[in-house]
Structure formats: C-alpha cells, structure tokens
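Visitor: I have a model open beside its sequence, and I'd like a friendly tour of it. Could you walk me through it?

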Amino acid sequence: DGIESVMLEIMFQKMFLRRLEKIVRRFMAEHQKVRVVLVAGGRGRQGVKYAVETVLAQRYSTAMIPGAAPRDRIGLLLQIMGVQDGLATSERRFWRLLGKVRAARLRARRSSAQLIIQECVPDEPGFAEWLSSVVRVDFCIVTTVAGYQKKQFSGDDAFAAELINLVNASKYGLLNYDDIDSRYAEALTHRRFATYGTRQGADYSFIPQTVQLGQGTEGYFVSPGDHAPQQMVLPVVGETALHPFVAALSVGLAAGVSLSDMQEDIQHVMPLPGHGNMLRGQRQSWIIDNTEGATYESTATSLRALYSTESPKKIVVLGNIVSSIDEREQLYKAVAEMCHPVELAWVVTIGKLPSQYIAPIARSRGNQVRSFESPIDAGAFVHSLLEKDTVVLYNAVADASYVEEALKITLHSLADARRLIRQSSSDLHHKDEYFSSLSVK
C-alpha cells in the first residue's frame with residue numbers, strides 16, 4: 001500500500017504539472033502586456049521581492065504572493081497564477097487546485113495587473129530551460145549564489161550556472177555585484193543585464209556614508225546614464241540589509257520610474273524583521289536588529305555600520321551565525337577579530353559557540369566581554385548598560401539561542417516587538433518551553 005500510494009502521488013503531481021503548464025502558457029499568450037519580475041538565488045530573495053513590489057506598486061498594478069518561495073515547480077506556477085497552495089497529492093486535491101487555478105485565470109482576464117513579482121529557487125539543472133518554455137520572464141534578479149539547499153546541484157558553480165541560465169532566458173537581468181563572483185557573468189549570452197550593490201563598480205549602487213540614529217543609512221545612489229548621484233537615506237543598517245532597496249531602485253529605473261519619484265516610494269518599504277532594522281531602545285538608546293540570518297559577511301557589514309555611528313557607547317550582542325561544521329571555528333574567530341575595543345564598550349555573547357570561539361579572542365584583544373546561555377539574562381545585562389544614544393547591535397541567526405528575546409527586553413516599546421522575528425503565538429510557546437528548561441538546569 002505504501003509503494004502504491006507514493007506512485008499514485010507522483011502520478012498526480014506529474015499530471016497536475018502538465019495541466020498547469022498548459023494553463024500558464026495560455027495565460028502568458030493572452031496577456032502579452034503583463035511583465036514577470038523573477039527574483040532568484042540563494043539568500044536575500046524575500047527582502048528583494050517585497051522591496052521591488054512595494055516600489056513598483058506605487059506606479060503600477062502589481063501581483064505578488066507573500067511569504068516564502070514555492071517548494072517546487074507546481075507551487076511556482078500556482079503562485080504565478082495567484083494561488084497559494086501546496087502539492088496536488090490526491091485526486092480530490094488535484095481537482096480542487098485545478099478549480100482554483102481556473103478561477104484565478106478568470107480573475108486575471110478582468111484584472112489590470114501589469115507586473116507579477118515572483119520568487120523562486122532552481123530545483124535542479126535544466127530548471128531555466130523548463131521555466132522559459134512556460135513563463136515569459138521580463139526581469140530576472142539574482143540575489144546571491146550562497147545559501148541554496150538543493151542537493152541536486154553539485155556545488156556553487158552548478159547552482160550559479162543555472163541562475164545565469166535564468167538571466168539568459170529573460171529579457172533583462174540584474175545581478176548582485178557585491179555577492180556574486182564576476183566569473184559567473186562570463187556565461188551571460190546577452191548584454192541586457194546590469195549589476196546592483198553597495199560598492200563602486202556596480203551599475204546601480206548605493207554608496208553608504210554614515211548611519212543616522214533613528215533614520216538609517218545615509219549615502220548616495222549612482223545609476224547609469226546622465227543621472228547625477230542622488231543623496232538619500234535608506235531605513236536599514238548594514239550593506240547586506242541595503243541590497244533589497246538598491247535592487248528595488250534599480251528595477252524601478254529600468255521599468256521607467258524616475259528616481260525623484262522613487263525617493264518617496266522607497267520610504268514605504270518595510271524591511272523584513274531581523275534584516276538590519278533600526279529600532280528605538282530604552283533610555284533613549286538605539287537598536288540595530290540583524291537577528292534573522294546573520295552570515296559572516298552580514299556580520300562584518302553590520303559591525304562596520306555600528307562603528308560608523310557617532311554613538312558615545314556601542315555594544316554588540318553576538319549569537320550564532322550561518323556556518324558549516326568545517327568552517328565554523330574559523331568564521332567565529334574571524335568575527336572575534338573584528339571586535340575592536342576602541343569602538344566597543346561591551347561584547348556580549350549568547351550561546352555555546354560564541355562563548356567558546358568569540359569571547360576568548362575578543363577578551364584577549366582588550367574588549368569587555370560577558371557570555372550568557374540564556375537570552376533573557378543577556379537582555380537584562382544589556383538593559384543595565386543602556387544610556388542616551390547608546391547603540392546596540394544584535395547579530396545572530398534565527399536558531400534556538402533566541403537572541404531576539406534579548407533584544408525585546410531593551411526595546412523602548414513592546415509594540416515594536418511585532419517588528420521582530422518569530423513572534424507568533426506558536427513561536428512564543430516554543431520559547432517559553434525552552435526558557436523553562438534552562439531554569440530547570
């Protein structure tokens with residue numbers, strides 16, 4: 001029975017995918033003026049998707065399914081048709097989903113949507129060729145190569161090659177200049193592509209200058225052509241956190257929106273929780289929240305941003321970062337080397353690995369260091385250190401260390417807790433159980 005049910009599930013999925021492909025092809029043929037903006041890559045897709053949609057929605061009619069990237073090809077085509085649902089794993093569900101797609105197609109005929117913003121992750125070699133046979137992609141934005149979890153690819157080079165194939169199959173491509181190795185661009189077969197980033201050399205670049213407390217990063221935006229550099233403030237901190245905003249400005253210009261119009265539009269972009277957000281802290285302090293998916297690179301850019309503030313007292317709270325077992329010790333120690341006692345009043349670590357690898361080196365460099373297992377204890381300690389214009393950087397990956405709960409203790413208003421990661425009732429329940437286990441120890 002088990003084998004038969006699995007085979008039946010595979011059969012229905014293949015059947016549904018073939019039927020769905022025909023519907024999407026017909027939709028594309030009937031809606032020649034609808035443009036598809038594809039956001040592909042490893043990390044950073046969701047932030048770019050939301051930023052691009054927010055900016056373009058000020059001038060165009062847009063369609064986007066919120067939430068995470070689709071899990072498979074069926075999910076991808078469903079989202080393009082405006083349907084958020086899972087796999088067609090039974091005959092009943094197959095027909096129910098097909099009914100939803102047909103209803104979505106009827107709605108689309110009456111809709112004025114001009115742009116579809118869609119997030120995706122290639123699932124295996126050949127994905128780009130398949131997608132281009134079904135969907136007409138006008139803009140393809142590639143965020144990063146790092147961070148993919150598809151075992152079907154033999155390594156970064158194979159995954160990058162598929163991302164470049166997506167760009168080649170689109171009308172216009174946009175690549176992250178900061179995070180994508182330039183050698184991958186050698187495989188591009190057309191010249192209608194550009195780069196975006198926070199460094200000079202990118203076609204579209206935001207060059208950070210200073211961090212304005214309570215506002216974000218001040219700098220100037222540079223774009224191709226005769227446009228003069230445009231001074232602006234973006235409401236996040238750290239180069240990695242700036243990338244979605246730069247991508248949105250770049251796509252906006254390519255779509256015909258003027259930079260002056262986007263000056264106001266970009267302020268409507270709500271940064272994703274834990275991605276370099278600046279929040280009010282207690283005692284007139286400020287908080288930089290980088291607690292969602294900190295990598296070594298984003299940690300480095302966040303620390304540089306912290307050091308660029310004119311705060312009289314700077315504190316960094318370090319949890320775990322994204323790392324493989326092989327590179328873990330090396331990366332944590334490299335983070336410790338970036339902790340400068342001249343800049344930092346305190347280095348606070350949460351969890352076993354930061355305590356083991358970061359704390360000793362940071363202390364040997366002359367930093368004041370405190371290590372905690374519990375984020376609640378760490379938050380209480382940081383709270384005791386707060387003064388006017390103190391800036392605290394909370395930097396971590398979203399794991400069982402729950403560094404965001406240390407941050408919550410130092411917030412000026414608990415109403416801002418909704419801007420933190422993992423604040424649903426189920427998330428808070430799991431955290432309560434974890435904290436109770438610590439108290440038992």
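Visitor: What percentage of the 441 residues in the protein chain is buried?
Guide: This is a predicted model, so local features need pLDDT of at least 70 and side-chain atom pairs 80 or more, while totals for chains, interfaces and linings use all residues. Residues are numbered from 1 along each chain as its sequence is written, and side-chain values use heavy atoms, leaving out hydrogens and water. Buried means under 20% relative accessible area with a 1.4 Å probe, protein chains only. By that cut-off, the buried share of the protein chain is 54%.

Visitor: What radius of gyration does the protein chain have?
Guide: The radius is taken over C-alpha atoms, and the globule rule is 2.2 Å times the number of residues to the power 0.38. For 441 residues that rule puts a compact globule near 22 Å, which agrees with the protein chain's value of 23 Å.

Visitor: Which residues of helix α10 are buried?
Guide: Helices here are DSSP runs of H or I, at least four residues, and strands are runs of E, at least two, numbered from the N terminus. Helix α10 covers residues 328-337, and its buried residues are Leu331, Tyr332, Val335 and Ala336.

Visitor: What covers the buried residues of α10?
Guide: Contact means heavy atoms within 4.5 Å. The cover includes α9 (296-308), β12 (314-318) and α11 (352-364).

Conventions. Buried < 20%, exposed > 50% of the residue type's maximum accessible area, 1.4 Å probe, protein only.
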